[in-house]
Amino acid sequence: MKFIEVENYEKLSRIASGIICAQVIVKPCSVLGLATGSSPLGTYKNMIEAYENGDVDFSKVKSVNLDEYVGLTGDHEQSYRRFMNDNLFSKINIPMEETHVPNGCATDIEKEGKDYDALIKSLGGIDLQLLGIGLDGHIGFNEPDSFFTAGTHKVELDESTIEANARFFQSKDEVPRFAITMGMEGIMQAKKVLLIANGAAKKEIVEKAFYGPITPEVPASILQLHPDLTVIYSKN
């Protein structure tokens, strides 16, 4: 594990963007695993700037996102498909048809999960997976549990996750209670993993995840077993 501590979110975002862009420059047809939420917004902003400056070409890249809310259509303003379109995909030259997000409105969520795992395998796996970390240690929407779930699956969101995401909705009551998320197999089989965490509130869970025991009660702790993990943390 490579652990990088920086002084502020802006530097975290620049470093994370640089790592992702370097991956694409070295391998233009990279498969990127992408994340949503507030943590990667600065990273995506820097990636857009790199593209606009002509420093990186995303035209051969494919992407797979970690998760989606169950019940939200792709055009819903709080769906993760909409988030990715608005904050990254529409602002770089990645082919939209090569961007993939789990379908939270699938009639058979279990089948959707299996199909999504098959898609990832058909792409040759993920070259670089970007992750955030929840206050409860979740990655993707893999919440604390008594076991690690391997495949893409439906999950009931923890109350702390719902409270953390309520700021994006009109009220807490509007936050979906379920999501479909990539499981640990897809994440752990990525060739490289890049996790970003910012803010003093994340310090305790970062320490638990990366310097404590490996346990499904702290889902991110499994990343200690990954052979190519970079963690970037900023307390501000």
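**Exercise 1. Work out which residues the ring pairs link into a cluster, and describe the pair formed by Tyr-69 and Tyr-80.**

Ring pairs link Tyr-69, Tyr-80, Phe-141 and Phe-169 into a cluster, where rings of Phe, Tyr and Trp (its six-membered ring) pair if their centres lie within 6.5 Å, and planes under 30 degrees apart count as stacked, over 60 as edge-to-face and the rest as tilted. This is a predicted model, in which local features need pLDDT of at least 70 and side-chain atom pairs count only at pLDDT 80 or more, while totals for chains, interfaces and linings use all residues. Residues are numbered from 1 along each chain as its sequence is written, and side-chain values use heavy atoms, with hydrogens and water left out.

Step 1: the count by the ring rule comes to 5 aromatic pairs.

Step 2: Tyr-69 and Tyr-80 form a tilted pair, with 4.9 Å from centre to centre and 35 degrees between the planes.

Step 3: because Tyr-69 belongs to strand 4 (residues 67-69) and Tyr-80 to helix 3 (residues 80-87), the pair ties together parts that are 11 residues apart in sequence. Helices (H or I, at least four residues) and strands (E, at least two) are DSSP runs, numbered from the N terminus.

Step 4: Tyr-69 is buried, with a relative accessible area of 1%, and Tyr-80 also counts as buried, at 9%; buried means under 20% relative accessible area, exposed over 50%, and partly exposed in between (1.4 Å probe, protein chains only).

**Exercise 2. Determine how the buried residues of helix 4 are arranged around its axis, and which strands are among those that cover them.**

Step 1: helix 4 (residues 109-122) has 14 residues, of which Ile-109, Glu-112, Gly-113, Tyr-116, Asp-117 and Ile-120 are buried.

Step 2: seen down the axis, these buried residues fall within an arc of 135 degrees, so they line one face of helix 4; the arc is that of the directions from the helix axis to the C-beta atoms.

Step 3: on the other side of helix 4, Glu-110, Lys-114, Lys-121 and Ser-122 are exposed.

Step 4: what covers the buried residues of helix 4 includes strand 3 (62-65), strand 5 (99-100), strand 7 (153-156) and strand 8 (178-181), contact meaning heavy atoms within 4.5 Å.

Step 5: beyond the helix, Gly-124 follows, and its phi is positive, near 90 degrees.

Notes:
The expected span of a helix is 1.5 Å times one less than its number of residues.
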